[in-house]
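Trainee: Could we go through this structure together? I would like to start with the packing and then turn to the rings.

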Amino acid sequence: MDYKKFDDESLIRLIARAQSEALGELYDRYNRLVFGMARNAVSDQALAEEITQDVFMRVWNKASTYQVEHGKVVNWIAGITRNRSIDVFRHQKSLLDGNSLSLEDLPFFDPPDSLNVEREIESKLKKQRIQQALFQLPEEQRDVLALAYFRGYTHEEAAEALGQPLGTIKTRIRLGMQKLRNLLEEEQTSA
């Protein structure tokens, strides 16, 4: 049977009847979306892979609960992903060391207020581009930007936390923001 010909709702009905090939086809269609949402939520590749596998296990186990009148399959899967990612994100956040400056530990996840998947994906991609640009900055600029913009530190608090003079912190923020702006503009013009 060629499962590629089936629409999402048909695949869900087949999954509810324990047809694993239908799950395989649904996985092929949406694993990148699920992984991308999870990766942006937890900022960790291994955890995102675990979430992706968990989401599709939940699809397998809960396929019979899907109701077409409540929305598209992709929105249902995105909702499962969002909920699972939030759970993992909250767990990870509770484990974070309050003094850590690693960008990998910083949350780049803002749970959406709706299930508008297209808008959510676009937002996640923008955040991912910013994060990639941040990793191109010198470490001292990246650290101070992480404190000032992602942890909400004032310039004075950042200076105290890093043991640097206030003027140095302000200069690093200014230079870091300029470089970040240039990197993002270069990416946009080359796209």
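This is a predicted model: local features need pLDDT of at least 70, side-chain atom pairs count only at pLDDT 80 or more; totals for chains, interfaces and linings use all residues.

Trainee: How many residues does the largest nonpolar core have?

Mentor: The largest nonpolar core has 31 residues. Those with the most contacts inside this core are I12, I15, L26, V42, V59 and I77.

Trainee: Which elements give two or more residues to this core?

Mentor: The elements that do so are α1 (8-16), α2, α3 (45-62) and α4 (73-95).

Trainee: And where does the largest share come from?

Mentor: Helix α2 supplies the largest share of this core, with 10 residues.

Trainee: Let us take I15. What does I15 touch, leaving aside residues up to four places away in sequence?

Mentor: Not counting those residues, I15 touches A22, L23, L26, V59, W60 and A63.

Trainee: What about another core, how many residues are in that one?

Mentor: Another core, of 12 residues, lies apart from the largest one. Its residues include A158, I169, I173 and L180.

Trainee: Now the rings. How many aromatic pairs does the structure hold?

Mentor: The structure holds three aromatic pairs. One of them is formed by Y3 and F6 and is tilted, at 5.8 Å centre to centre with 35° between the planes.

Trainee: Is Y3 buried or exposed?

Mentor: Y3 counts as buried, because its relative accessibility is 12% and the cut-off for buried is under 20%.

Trainee: Why is the pair of Y27 and F56 called edge-to-face?

Mentor: The ring planes of Y27 and F56 stand at 70°, so the pair is edge-to-face, since planes over 60 degrees apart fall into that class. The ring centres of this pair are 4.9 Å apart.

Trainee: Which helices do these two belong to?

Mentor: Y27 lies in helix α2 and F56 in helix α3, so the pair ties together parts that are 29 residues apart in sequence. Y27 counts as partly exposed at 27% relative accessibility, whereas F56 is buried, with a relative accessible area of 3%.

Trainee: One last residue. Where is N31 placed?

Mentor: N31 is in helix α2, which covers residues 20-42. This residue is buried, with a relative accessible area of 17%.

Trainee: What does N31 touch, not counting residues up to four places away in sequence?

Mentor: On that basis N31 touches T52 and F56. F56 is also the ring partner of Y27.

Notes. Residues are numbered from 1 along each chain as its sequence is written. Side-chain values use heavy atoms; hydrogens and water are left out. Helices (H or I, at least four residues) and strands (E, at least two) are DSSP runs, numbered from the N terminus. Buried means under 20% relative accessible area, exposed over 50%, partly exposed in between (1.4 Å probe, protein chains only). Contact means heavy atoms within 4.5 Å. A nonpolar core is a set of buried Ala, Val, Leu, Ile, Met, Phe, Trp, Tyr and Cys residues joined through side-chain atoms within 4.5 Å. Rings of Phe, Tyr and Trp (its six-membered ring) pair if their centres lie within 6.5 Å; planes under 30 degrees apart count as stacked, over 60 as edge-to-face and the rest as tilted.
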